[in-house]
Amino acid sequence: RCKNLSVSFWNSYWMLPSDVCGMNCFWEAAFRYDYMKTHPSEKMHLAVVACGERLEETVTMLRSAIIFSIRPLHFHIFAEDQLRESFKNVLDKFPYEGKINYTLYPITFPSESAAEWKKLFKPCASQRLFLPLILKNVDSLLYVDTDILFLRPVDDIWSFLGKFNSTQIAAMAPEHEEPRIGWYNRFARHPYYGVTGINSGVMLMNMTRIRRKYFKNDMTPVRLQWGEILMPLLKKYKLNITWGDQDLLNIMFFHNPESLYVFPCQWNYRPDHCIYGSNCKAAEEEGIFILHGNRGVYHDDKQPTFRAVYEAIKNYSFGDDLVHSLLQPLELELQKTMHTYCGRVYEVFIKQLTKSIRDLYARRSKGR
């Protein structure tokens with residue numbers, strides 16, 4: 001894995017040591033850029049579902065995706081009726097014309113069970129289960145929750161699609177790294193994937209494969225396709241599930257473990273990775289790649305490290321200098337959080353961000 005980089009970006013920007021990456025990091029980078037070279041014009045598709053008071057949070061997530069990504073992005077935004085016009089007004093003002101496209105969709109569930117699906121766990125959360133059936137012409141898709149922030153290019157997680165073997169249809173991160181604080185292994189009343197379950201807040205999907213696959217299940221000896229298995233699963237387990245659609249995905253991949261690619265915790269870094277002490281070793285070594293501020297931590301004072309990153313990206317103006325307008329102020333704010341467990345490891349919150357900014361400026365310099 002990559003060796004630690006200096007977090008004082010502005011003091012050492014052009015003085016990174018030549019051995020900053022070991023061989024593992026070299027081959028990871030080589031794979032990523034080889035994938036980009038062989039898929040140069042491939043558009044990346046990103047989906048999000050927004051209901052209630054999630055407009056600002058969703059826009060901030062989209063901003064973070066735009067800042068560092070290299071290839072064109074197409075946003076698929078599923079939103080309640082009262083939010084769609086607001087999304088349009090904001091997105092039409094975004095820069096980078098030609099690099100960013102978007103499509104707005106209404107919230108849509110099967111008509112015979114719409115009310116039941118919409119109220120499952122959180123409003124509209126289960127919409128993600130139906131994306132392979134709605135976006136029939138999209139081959140692959142990255143779904144993220146509204147409370148996601150990208151600290152490195154979307155291109156990098158998109159490249160995992162090229163790592164899927166012949167049986168894998170989706171990729172997610174574990175729900176926990178430490179079983180002693182795991183929820184599924186301590187409390188779940190239904191099957192779940194692996195040792196600690198999986199978290200669906202960041203879900204990369206080969207949707208063509210999802211639509212074609214016949215899934216093993218515990219309801220019938222007959223394998224069922226994606227559109228056939230969702231309602232039977234809900235009917236069987238609705239009294240036993242706590243986290244709604246995420247629980248259904250855990251059940252599905254428990255019975256079909258060969259279909260899941262598991263990526264490391266720094267691709268879906270949540271408060272549980274630091275509030276009881278740091279337990280995402282990959283993030284300690286390489287930094288956080290995707291920050292997931294679940295449990296509303298961007299909007300309260302319980303986890304000020306998470307809120308500081310959110311506020312920094314929300315307030316950044318496109319075109320401003322990223323070092324002086326985003327990174328420097330953010331590090332100063334993070335240093336104020338060292339009284340918390342997450343604040344004690346605040347360096348992991350800017351380690352990859354520092355590298356992403358450096359790489360972005362290097363690309364711009366080469367493009368001149």
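Why does Cys-280 count as buried? Its relative accessibility is 1%, and buried means under 20% relative accessible area, with exposed being over 50% and partly exposed in between (1.4 Å probe, protein chains only). Welcome to a predicted model, in which local features need pLDDT of at least 70, side-chain atom pairs count only at pLDDT 80 or more, and totals for chains, interfaces and linings use all residues. Residues are numbered from 1 along each chain as its sequence is written, and side-chain values use heavy atoms, leaving out hydrogens and water.

**Confidence and overall make-up**

- The mean pLDDT of the protein is 88, where pLDDT is the predictor's confidence in each residue, from 0 to 100.
- A pLDDT of 70 or more is reached by 88% of the residues.
- Take care with residues 1-40, where pLDDT stays under 50; the model has 64 contacts for them beyond four places in sequence, a contact being heavy atoms within 4.5 Å.
- The secondary structure comes to 16 helices and 11 strands. Helices (H or I, at least four residues) and strands (E, at least two) are DSSP runs, numbered from the N terminus.
- Of the 368 residues in the protein, 57% are buried.
- If you take the contacts between residues at least 6 apart in sequence, 73% of them join residues at least 24 apart.
- The protein exposes about 16,100 Å², and carbon and sulfur atoms supply 53% of that area. Accessible areas come from the Shrake-Rupley method with a 1.4 Å probe; for residues, only the protein chains shown count as cover.

**The disulfides**

- A search of the whole structure finds 3 disulfides, each defined as a pair of cysteine sulfur atoms within 2.5 Å.
- Cys-51 and Cys-124 form one of them, with their sulfur atoms 2.0 Å apart. This pair links distant parts of the chain, 73 residues apart: Cys-51 lies in the loop between strand E1 (44-50) and helix H3 (55-68), and Cys-124 in the loop between helix H5 (114-118) and helix H6 (131-134).
- The link of Cys-51 and Cys-124 is left-handed, with -95° about the S-S bond, and both cysteines are buried.
- Cys-265 and Cys-280 form a disulfide as well, their sulfur atoms 2.0 Å apart. Both sit in the loop between strand E10 (260-262) and helix H12 (281-286), 15 residues apart.
- The link of Cys-265 and Cys-280 is right-handed, with 95° about the S-S bond. Cys-265 counts as buried because its relative accessibility is 4%.
- Another disulfide joins Cys-274 to Cys-342, S to S 2.0 Å. Here Cys-274 is in the loop between E10 and H12, while Cys-342 is in helix H15 (residues 341-344), 68 residues apart.
- The link of Cys-274 and Cys-342 is right-handed, with 85° about the S-S bond, and both of these cysteines are buried.

**The nonpolar cores**

- A nonpolar core is a set of buried Ala, Val, Leu, Ile, Met, Phe, Trp, Tyr and Cys residues joined through side-chain atoms within 4.5 Å.
- The largest nonpolar core has 41 residues, and the ones that touch the most other members are Trp-117, Leu-131, Leu-141, Met-205, Leu-230, Leu-248 and Phe-253.
- Elements giving two or more residues to this core include E1, strand E4 (140-144), strand E7 (198-206) and helix H10 (226-237). H10 gives the most, with 7 residues.
- Not counting residues up to four places away in sequence, Trp-117 touches Phe-109, Pro-110, Ser-126, Leu-129, Phe-130, Leu-230, Met-231, Leu-234 and Leu-248.
- There is also a second, separate core of 38 residues, which includes Leu-149, Tyr-269, Ala-282 and Val-345.

- E4 is mostly covered, with 5 of its 5 residues buried. Ser-140, Leu-142 and Val-144 are on one side, and Leu-141 and Tyr-143 are on the other.
- Two strands pair if DSSP finds at least two bridges between them. E1 and E4 pair in the parallel sense over 2 bridges, and the bridge partner of Leu-46 in E4 is Leu-142.
- E4 and E7 run antiparallel and are joined by 5 bridges; the bridge partner of Val-144 in E7 is Val-202.

**Helix H3**

- H3 is largely enclosed by the rest of the structure, because 12 of its 14 residues are buried.
- Among the buried residues of H3 are Glu-57, Arg-63, Ile-66 and Phe-68.
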